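Subject: Structure for you to look over

Hello,

I am handing over the structure below. My notes on what was found in it follow.

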Amino acid sequence: MTVTLADVAARAQVSPATVSRVLNGNYPVAATTRERVLRAVDELDYVLNGPASALAASTSDLVGILVNDIADPFFGIMAGAVQSEIGGSGSGGRAGGERLAVVCNTGGDPERELTYLTLLQRQRAAAVILTGGAIENEAHAIAVAAKLRRLESAGTRVVLCGRPPVQDTKAIALAFDNRGGGRELTEHLIGLGHRRLGYIAGPEERTTTRHRLEGHRAALEAAGIEELGGWTVHGPYDRRAGYEATLELLRRDPSLTAVVAANDSVALGACAALRDSGLRIPDDVSVAGFDDLPFSIDAVPSLTTVRLPLAEAGARAGRIAMGREEPPPGGIAVIRGELMVRGSSGVPRG
């Protein structure tokens with residue numbers, strides 16, 4: 001049954017006019033009242049009618065792109081590539097084919113992610129593209145799946161770019177093979193002779209973190225290397241986390257000969273910490289990253305890493321979202337990375 005403005009007003013114990021003022025933002029409303037109305041909207045999953053131009057069609061000319069951190073090149077590259085594909089005469093927008101791209105920066109906050117999906121549904125978005133890894137929380141996963149199903153039922157195309165499939169939805173998934181890349185990277189270091197490898201993992205609640213770490217551990221197990229308890233440190237996907245985690249790894253095991261980082265930004269922090277500790281790269285300790293972000297080749301020494309085709313994946317997601325490219329068979333494509341061997345990895349000392 002469709003939820004109406006009156007239903008929201010009854011739940012929030014305010015007048016329909018007050019609900020309208022809160023949702024339209026065109027009249028001052030007390031903060032406590034506003035919070036009560038928004039809570040009712042969320043609880044009832046009320047969808048506000050979008051602009052009148054959107055009401056004339058099943059969807060509007062808006063495309064939402066959800067990213068974790070737009071300042072992170074990983075997300076910026078994908079978002080830019082998506083945007084390059086959603087405009088122009090081939091995309092079917094009513095105003096000459098153009099689409100309005102809205103980049104939604106979640107900051108890794110699961111509640112903000114859900115809020116943006118609700119807002120995009122209210123605006124009858126033509127397409128929604130979610131980039132990067134998902135949050136590993138059962139309640140959140142169920143909530144996201146429900147939001148995606150509502151978007152799909154309203155005619156919105158949903159594409160996941162660099163994100164695992166979402167069960168019980170029709171969302172198209174272009175997923176990166178993070179396990180395979182993580183395994184290949186560690187196998188490279190083991191092949192050079194490394195047996196004591198520290199690992200700097202990303203946030204524990206992210207699918208990307210788990211998959212890359214699983215690939216790393218699979219390589220260790222296949223080589224008969226027992227991972228010691230202090231060889232893995234978790235932290236954010238940024239340079240500072242890499243710096244601090246590397247110092248912690250060295251404190252736990254000064255005999256480490258390699259540091260594998262969750263991504264290239266973390267790897268840069270690892271390199272700085274090693275240099276500040278008087279260690280040479282790769283003579284004393286090898287370093288490896290992941291993603292092959294633009295700065296990786298210009299690092300000194302240049303980073304050994306796994307190249308993910310971020311721009312290509314983003315562009316493909318944009319074309320699929322606009323209906324200009326057929327979805328992959330079964331709605332899922334697994335995109336493999338490419339090992340890039342550079343100067344930061346070498347044969348271990350001794």
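**Domains**

The centres of domain 1 and domain 3, taken over C-alpha atoms, are separated by 49 Å. The chain is divided into domain 1 (5-48), domain 2 (56-177 + 311-335) and domain 3 (178-307); the bounds come from an automatic or database domain assignment.

Please note that this is a predicted model, in which local features need pLDDT of at least 70 and side-chain atom pairs count only at pLDDT 80 or more, while totals for chains, interfaces and linings use all residues. Residues are numbered from 1 along each chain as its sequence is written, and side-chain values use heavy atoms, with hydrogens and water left out.

**The six-stranded sheet**

Six strands form an open sheet with parallel pairing, in the order E2-E1-E3-E4-E5-E11. Strands here are DSSP runs (E, at least two residues), helices are DSSP runs too (H or I, at least four residues), and both are numbered from the N terminus. Two strands pair if DSSP finds at least two bridges between them. Strand E2 (100-105) and strand E11 (332-335) stand at the edges; each has a single partner strand, so one side of each is left without a neighbour in the sheet. From one strand to the next, the twist averages 15°. Angles run from 0 to 180 degrees between N-to-C directions, and axes are lines fitted to C-alpha atoms, for helices over the stretch in contact.

Strand E4 (residues 157-161) runs parallel to E5 and is joined to E5 by three bridges. Leu174 in E5 is the bridge partner of Cys161. Helix H5 packs on this sheet, touching strand E1 (62-67), E2, strand E3 (127-131), E4 and E5, and its direction makes about 165° with that of E1. Contact means heavy atoms within 4.5 Å.

**Aromatic residues**

How many aromatic pairs are there? The count comes to two, where rings of Phe, Tyr and Trp (its six-membered ring) pair if their centres lie within 6.5 Å, and planes under 30 degrees apart count as stacked, over 60 as edge-to-face and the rest as tilted. The ring centres of Phe74 and Phe75 are 5.0 Å apart and the planes are at 75°, so this pair is edge-to-face. Phe74 and Phe176 also form an edge-to-face pair, at 6.4 Å centre to centre and with 75° between the planes. That pair links distant parts of the chain, since Phe74 is in helix H5 (residues 73-86) and Phe176 is in strand E5 (residues 172-176), 102 residues apart. Phe74, Phe75 and Phe176 form one aromatic cluster.

Phe74 has a relative accessible area of 8% and is buried; Phe176, at 7%, is buried as well. Buried means under 20% relative accessible area, exposed over 50%, and partly exposed in between (1.4 Å probe, protein chains only).

**The four-stranded sheet**

Another open sheet has four strands in the order E7-E6-E8-E9, again with parallel pairing. Its edges are strand E7 (232-234) and strand E9 (286-288), each with a single partner strand, so one side of each has no neighbour in the sheet. Three bridges join strand E6 (residues 197-201) to E7, and Ala201 stands opposite His234 in E7. Helix H8 (residues 178-192) packs on the sheet and touches E6, strand E8 (258-261) and E9. Helix H9 (residues 207-222) also packs on the sheet, touching E6, E7 and E8.

**Cysteines**

The structure holds zero disulfides, a disulfide being a pair of cysteine sulfur atoms within 2.5 Å. For Cys104, the nearest cysteine sulfur is that of Cys161, 15 Å away. Cys104 counts as buried at 3% relative accessibility, and Cys161 is buried at 0%.

Regards
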